[in-house]
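Here is a friendly look at aromatic rings and the partners they keep. Have the sequence and the model open side by side as you read.

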Amino acid sequence: MGAKFLGLDSSTQSLSASIIEVEKDSSSRLVYESSLNFDAHFPNYGIRNGVIPNLGGVAHTPPQVWVEALDALLQQMRTEGIDLHEIAAVAVSGQQHGSVYLNESAPRVLAALRSTESLASQIKSIYSRNSSPIWMDSSASEECREISDSLGGPAQVCELTGSEAFERFTGPQIRKFYKVDPQAYQKTAFICLVSSFIPSLLIGKIAAIDPGDGSGMNLMDIRRKNWSHKALDATAPGLALKLLPITPSDQLIGLISPYFVQRYGFNPACAIAPGTGDNPSSLVGLGLVSPGSIGISLGTSDTVFAYMSQPSFDPSGQSHVFGSPTGDYMSLSCYKNGSLARDSVRNQFGLSWSDFDSILQKVKAGNDGKIMLPYFDTEIIPRLNYAEVQRYGFDANDKEANVKGVVEAQMMSMCTHSEWMPDKPERIYVTGGASANNAILQCMADVFAVPVFRQNTTNAAGLGAALRAFHAYLNSNGRRASWEELSSPYINQDLNSALIPEPEAEKVYGRLKKEYSKQEKAYLAKRKS
Ligand code: ADP
Ligand code: XUL
C-alpha cells in the first residue's frame with residue numbers, strides 16, 4: 001500500500017475531502033472523495049448557499065461554519081472507516097478572497113486545543129470580527145476607488161498586484177472594515193484567508209498565505225511575490241503587522257496539531273502544505289501546468305483560467321493574473337452568475353437537472369435568435385453593481401428560451417472575454433459541480449469550438465490540494481518531481497469521452513458571439529448614460 005495525501009477544499013457551499021494514493025513510481029490515483037454541504041449540516045447559522053442571505057451587496061459567512069465543518073467532515077471520514085493515520089500530508093484549497101480576522105489570543109488558543117472538546121467551542125473567542133467577507137461581496141466600490149487613486153490609477157494597481165482593485169478582493173474589504181469599525185480593526189492581530197485559516201487550525205498556529213491566494217488581495221507584488229508595502233499603506237494603517245510573510249507553495253508549513261492526532265487518529269508526523277485558492281488548486285488538479293489548454297470551473301462561480309509562464313494582463317482590466325502553485329502564473333476570469341444563475345432558472349420552472357438537460361438538448365443552438373444577458377446577481381465580468389436580467393426576443397415565462405438562454409449567454413461571455421489570454425486553447429478541461437452536466441458541456445464545446453474534457457472527479461480543487469500536499473512532501477524530502485509527472489495520471493486524453501463541437505452549432509455561435517458582444521456593449525452604454 002502506498003502513501004496517502006489528503007486535499008481539503010473549503011469552498012463556498014461545502015467542505016470536501018479528496019485522498020490520493022501514491023505508488024512507488026510516484027504515480028497516484030484518487031481513492032476517496034466526500035463532501036459536506038454547509039446549509040444542510042449547519043442550519044442554525046441561517047446561511048443560504050453558504051452565505052448569510054439578504055445583506056444586499058454584502059456577502060459574509062460566519063467562519064465558525066467552516067470550523068464546524070472541519071470537525072464534522074473528519075468525523076464522517078472516521079465513521080466511514082477511513083484510517084487518517086495513513087495520511088502523510090494535507091493541503092487545503094479555499095474559496096478565494098474571503099478573509100478571517102483574529103485577535104491577539106489566537107496563537108495561544110490554537111496552540112492549546114484539547115481533543116476532548118470541539119474546535120468551534122474552543123476557538124469562538126479568537127475572532128476580532130464575527131463574520132468573514134467572501135468573494136461574492138460587491139460592497140467595497142468606494143474602497144476600490146480610494147486604493148486605486150492612492151496607487152496612481154487602475155492600470156498601476158494591475159501592474160503592481162496583477163489585478164485592478166476589485167470589490168471582492170481582500171485589500172478593499174480590509175479597508176472597508178478599517179473604515180466602518182476602526183476599533184475592531186485595531187484589535188485585529190492577524191488576517192487570514194480561508195486558505196490560510198483552515199491550515200492554521202491544522203497546525204495549531206497562524207499559517208502563512210501562498211502567492212496563489214495572495215494575488216487575490218490587491219496587496220501582493222505580483223512579480224516579487226511578497227507584500228507590496230505601497231499597496232498595504234494604501235489599504236489600511238498597520239496592515240503589515242497583521243500579515244505573515246508570503247510562503248512559497250512547495251514548502252511544508254508544519255506538522256498536524258496534537259488535537260487532530262488525538263481526536264481523529266492522524267499520524268503525529270503528518271505534514272501540512274501551504275493552502276491556496278480554489279482556482280490555483282484546480283489549475284494543477286486539471287493538469288494545467290504548461291501552455292495549450294484552458295480550464296473552466298462551473299462551481300458556485302464560473303471561472304476560466306490558464307497557465308502562464310509570465311504575467312500578461314487583460315487590456316480591459318476585467319480579469320486577473322494570479323500566482324500558480326507551480327511557482328509560475330495563471331490568468332483568471334471570474335463570473336458571479338455561475339451555478340446560482342443556472343439554479344435560479346431551474347428553480348423558477350421547477351425542473352430537475354435532467355429536465356434542464358433535455359431542454360438544452362432539444363432547443364437548437366442559437367435559441368432562435370433569443371439572447372439573454374444573465375445578470376441574476378451583480379456581476380464581475382462585465383463589472384455591474386446591480387442585478388438585472390436582460391432578455392431579447394423572449395420573456396421571463398418562456399421556459400425553453402430561458403434555459404437555453406442562460407447557458408448560451410454564460411458560454412458566449414466566457415468565450416469572448418477570455419480572448420485576451422495569451423494562448424489560444426486547443427482543449428478545455430472542466431471541473432465544478434455543473435461539469436457533471438453533458439448538455440452544458442456540449443454547449444461549451446460548440447461555443448468555444450474546441451473539445452471539452454472531463455475528469456473522473458468534479459472537484460479538481462480538492463484533487464489539486466492532494467497533489468500539492470504530495471508535491472510539497474516530496475520537496476521537503478529532497479525529491480523534485482515535475483508537475484507534469486504528478487498531474488499526468490488525471491489528465492483525460494481520450495477524445496472518445498470528450499464533448500466534440502458540432503459543426504452546425506459551431507457556425508451558429510460564430511455569428512451569435514458577435515451579436516452577444518454587441519448586445520452587451522449596447523446595454524452597458526445604455527446603463528452608463
Ligand atoms: P463550490 O465548490 O463553489 O461550492 P460546486 O463546484 O460544488 O460549488 O458546485 C455546486 C453547484 O453545482 C450547485 O450550485 C449546482 O447548481 C451545480 N450542479 C450540481 N449538479 C449539477 C448538474 N447535474 N447540472 C448542472 N449543475 C449542477
Ligand atoms: C475567483 C473567485 C471565485 C472564488 C470562489 O477570483 O472569486 O472563483 O474563488 O470559488
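Rings of Phe, Tyr and Trp (its six-membered ring) pair if their centres lie within 6.5 Å; planes under 30 degrees apart count as stacked, over 60 as edge-to-face and the rest as tilted. This is a predicted model, in which local features need pLDDT of at least 70 and side-chain atom pairs count only at pLDDT 80 or more, while totals for chains, interfaces and linings use all residues. Residues are numbered from 1 along each chain as its sequence is written, and side-chain values use heavy atoms, with hydrogens and water left out.

With that rule, the count comes to 14 aromatic pairs. One of them joins F5 and Y473, whose ring centres are 5.1 Å apart with planes at 65°, so this pair is edge-to-face. F5 sits in strand β1 (residues 3–10) and Y473 in helix α18 (residues 460–476), so the pair ties together parts that are 468 residues apart in sequence. Helices (H or I, at least four residues) and strands (E, at least two) are DSSP runs, numbered from the N terminus.

F177 and Y185 also form an edge-to-face pair, at 6.4 Å centre to centre and 80° between the planes.

How buried are the paired residues? Buried means under 20% relative accessible area, exposed over 50%, and partly exposed in between (1.4 Å probe, protein chains only).

| Residue | Relative accessible area | Class |
|---|---|---|
| F5 | 1% | buried |
| Y473 | 27% | partly exposed |
| F177 | 4% | buried |
| Y185 | 2% | buried |

Key: Chains lettered and ligands numbered in written order.
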